[in-house]
Amino acid sequence: MTARFHIRTYGCQMNVHDSEKLANLLHHAGLRAADSEAQAELLLINTCSIREKAEHRLYSDLGALRSWKAGAEGRVLGVGGCVAEQQGASLLRRFPHLDFAFGTHNLRLVPSMVSAARQGVRQAQTGESHSLERFDLPQRHPAFESRTPGRAFLTVMEGCDMFCSFCIVPLTRGREISRPAASILSEARQLAARGVVELTLLGQTVNAFGRHDLRRGRAGAAGALKSFGALLGELARIPGIERLRYTSPHPLFFDEALLRAHAELPELCPHVHLPLQSGSDRILEKMRRRYSAREFIGIARRLRAARPDLALTTDLIVGFPGETRADFEDTLAVVREVGFVDAYAFKYSPRPGTKAATMDGAVPPDEAQQRLEALQALQRGLTLDAHRSRVGTETVVLVEGPSARPRATASDDAGASAPRQLRGRDPYHRIVNFEAGAGCVRPGALLPLRLVEATPHSLIGASLDSAGAPT
Ligand code: SAH
Ligand code: SF4
Ligand code: F3S
C-alpha cells in the first residue's frame with residue numbers, strides 16, 4: 001500500500017510554499033497525501049520561530065503527538081522549518097519519538113530521511129547551503145494538488161542579509177541568494193501552461209532580488225543579470241499570467257525599475273505589503289530598519305504616484321525595547337498619514353541570538369498590550385473606511401472556494417436553504433465574499449463582481465447581473 005503523508009504548516013508564505021515543495025518531493029518519492037493526520041503514516045511539522053509563541057507551539061504539538069506516533073506501527077514523525085534549523089539535533093534529544101529534523105535548506109533530503117527513519121535511523125540535517133542547487137526541484141507531480149487552482153507561489157530569492165535587530169529570520173533562513181532568472185521564468189511558463197493565472201513571487205526581502213549579482217556583475221547560473229523590476233516585466237509577458245504579486249518587500253529596495261513596473265504593468269496588482277514596523281525614527285534606528293519615517297512615507301507616495309489606486313498593507317511591532325509612549329504615538333501618526341488598508345500588529349517578542357534581545361528598556365507587558373489594542377483599534381477604523389469607499393464599484397476576484405464563515409443574516413432560518421457562499425481575492429488582495437448563485441463558479445476562475453457591502457474584515461460582492469437592481 002502506498003504510504004500517506006500529512007504536513008502541518010506554521011508561519012509565513014515562504015513556509016506554506018516550502019510545504020508545497022515538500023509535498024511535491026514526497027509525491028515524486030511515491031507517497032500520497034492523506035485525508036487526515038489519523039490516516040497518515042508520515043507526519044511533518046513545518047515550524048516558525050518568529051515569535052516565542054510560534055516556537056512554543058511546536059513543543060506542545062510534539063508533546064501531544066506521542067500518542068499519534070504510538071497509535072500505529074511504523075509511523076514516522078519529522079520536523080522542519082525555522083525551529084528545526086536552529087534546534088536540529090537537540091529536538092531529537094528532547095523528543096525521543098521524533099524521527100528526524102531538517103533545516104530550511106534541506107527539503108530535498110526529506111524523502112531519503114523518511115526511508116532512513118523506516119530503517120530506524122534518527123538524524124538531523126540542518127546545514128546551510130550556499131549553492132543554487134537548492135532551487136533545482138522537480139516539476140509538479142501530476143498527483144500534487146495546489147490549494148487554489150489558478151494561483152501559485154514562485155520563489156525568486158531566499159534568505160535575508162538585513163539583520164533587523166529584532167528578527168530571527170537571518171539566523172533561520174541564512175544568507176540572501178537569488179534564484180537564476182532563467183529558472184524562475186521556466187517555472188512560471190510551466191505554471192501558466194497548467195492554468196495558473198496569478199503568481200505571487202516569494203522571498204524574505206523579495207525586491208532585493210538580483211542586487212548582489214548586479215553589484216558583483218556576476219550572472220551566477222542565471223544567464224542575463226536582472227533587477228526585480230525587469231524580472232516582473234518578463235513574467236508579465238508570459239501568456240496566461242494575468243496577475244502578479246510579490247511578498248515581502250523591504251522599503252529600502254524600491255528602485256526606479258520597480259516603481260516603473262507598478263506604473264506600466266497592468267498585470268502587477270495594485271497592492272504592496274510594505275512593513276513599517278515603527279513610526280519613530282529613534283526606534284527604527286534601534287531596529288536597524290535603515291529608513292526614517294519620512295523616507296517610508298516618501299516611498300509610499302512614490303508608489304501611489306506610479307499607481308494611484310495602490311493599496312498598502314503593513315507589519316508593525318509595539319513594545320520594542322525602549323519604546324516610549326511618544327515613540328508609539330509616532331507610529332499611530334504614520335499609520336494615520338499613510339492610511340494602510342490593513343496592518344498586522346505584533347507585540348515585540350525577544351528572540352535568542354538577535355541584537356534586540358540584549359537591549360535594555362523592556363516595555364511592561366500590560367503597557368505593550370494596551371499599545372497593541374490602541375493600534376488595532378485605529379487600524380480597524382482605517383480598514384473599514386477603505387472597504388466602505390469601494391462599495392458601489394466593480395472588481396474582479398480570483399475565486400478561492402467556500403467562505404471561511406458563511407454570513408448569517410437576520411433573514412436566515414435554520415440555514416437549510418442558505419445559498420452557497422464563496423470567497424475570492426480582488427486585485428487589492430481584499431477578501432470578497434459572494435453568493436455562488438445558480439451558475440457554476442470554479443475555484444481559480446476570475447470573476448467580475450459589484451461590491452455591495454463593506455464589513456470590517458472583507459467586502460461583499462454580487463454578480464453583475466443581480467447587483468444592478470436596487471432593493
Ligand atoms: N521579511 C519581512 C518580515 C518577515 S517576519 C520584512 O522584512 O518585512 C513578519 C513580521 O513579523 C515582521 O514584519 C515583524 O513585524 C514581525 N516580527 C519579526 N520579528 C518579531 C519579533 N521578534 N517580535 C515581534 N514581531 C516580530
Ligand atoms: Fe527579518 Fe528584517 Fe530580514 Fe525582514 S528584512 S526578514 S524583518 S531581518
Ligand atoms: Fe516564521 Fe521562518 Fe517565516 S521564522 S515567519 S516561518 S521565515
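Student: Where does Gln 277 lie?
Tutor: Gln 277 sits in the loop between β12 and α12 (281-287). Bear in mind that this is a predicted model.

Student: Why is Gln 277 called buried?
Tutor: Buried means under 20% relative accessible area. Gln 277 has 7% relative accessibility, so it counts as buried.

Student: What makes the backbone of Gln 277 worth a remark?
Tutor: Its phi is positive, about 75°, although Gln 277 is not a glycine. Most residues other than glycine have a negative phi.

Student: Where is Arg 290, and what is its phi?
Tutor: Arg 290 is in the loop between α12 and α13. Its phi is positive too, about 70°, and Arg 290 is not a glycine.

Student: Why is Arg 290 called partly exposed?
Tutor: That label covers values between the 20% limit for buried and the 50% limit for exposed. Arg 290 has a relative accessible area of 47%, so it is partly exposed.

Student: What makes Gln 277 a polar contact of ligand 1?
Tutor: The cut-off is a pair of N or O atoms within 3.5 Å. An N or O atom in the side chain of Gln 277 is 2.7 Å from an oxygen atom of ligand 1, so the pair qualifies.

Student: Which distances put Asp 315 and Arg 51 on that list?
Tutor: For Asp 315, a side-chain N or O atom lies 2.7 Å from an oxygen atom of ligand 1. For Arg 51, a polar side-chain atom lies 3.2 Å from an oxygen atom of ligand 1. The protein covers 89% of the 540 Å² of accessible area that ligand 1 has on its own.

Student: Which elements give two or more residues to the shell around ligand 1?
Tutor: They are β13 (311-318) and β14 (342-347). The shell holds 15 residues; the closest are Gln 204, Pro 275, Gln 277, Asp 315 and Ser 349. By class, 6 are nonpolar, 4 polar and 5 charged.

Student: From which domains does the shell around ligand 3 draw at least three residues each?
Tutor: From domain 1 (4-125) and domain 2 (145-388). The residues around ligand 3 include Cys 12, Cys 48, Cys 82, Arg 173 and Gln 204. Its shell has 5 nonpolar, 4 polar and 1 charged residues.

Student: How is the protein divided?
Tutor: Into domain 1 (4-125), domain 2 (145-388) and domain 3 (394-463). The C-alpha centres of domain 1 and domain 2 lie 28 Å apart. Their contact takes 18 residues from domain 1 and 21 residues from domain 2.

Student: Why is Asn 207 called buried?
Tutor: The limit is under 20%. Asn 207 has 5% relative accessibility, so it counts as buried. Asn 207 lies in the loop between β10 and α9 (211-216).

Student: Where is the cis peptide bond?
Tutor: It joins Thr 247 and Ser 248, with omega about -10°. Ser 248 is in the loop between β11 and α11. Most peptide bonds are trans.

Student: Why is α10 described as largely enclosed?
Tutor: 7 of the 9 residues of α10 (residues 228-236) are buried, so the rest of the structure largely encloses this helix. Phe 228, Leu 231 and Leu 235 are among the buried ones. Their cover includes β7 (151-155), α8 (181-193) and α11 (256-264).

Student: Which residues of α11 are buried?
Tutor: Ala 257, Leu 258, Leu 259, Ala 261 and His 262. What covers them includes α10, β11, β12 (271-273) and α13 (293-306).

Definitions and conventions:
Residues numbered from 1 in each chain as written. Chains lettered and ligands numbered in written order. Predicted model: local features only at pLDDT ≥ 70, side-chain atom pairs only at ≥ 80, totals over all residues. Heavy atoms only, no water. Buried < 20%, exposed > 50% of the residue type's maximum accessible area, 1.4 Å probe, protein only. Helix = DSSP H or I, 4+ residues; strand = E, 2+ residues; numbered from the N terminus. Contact = heavy atoms within 4.5 Å. Near = heavy atom within 4 Å. Polar contact = N/O pair within 3.5 Å; in protein donor to acceptor, adjacent residues only side chain to side chain. Areas by Shrake-Rupley, 256 points an atom, 1.4 Å probe, with all protein chains shown as cover. Nonpolar A, V, L, I, M, F, W, Y, C, P; charged D, E, K, R; others polar. Domains from an automatic or database assignment.
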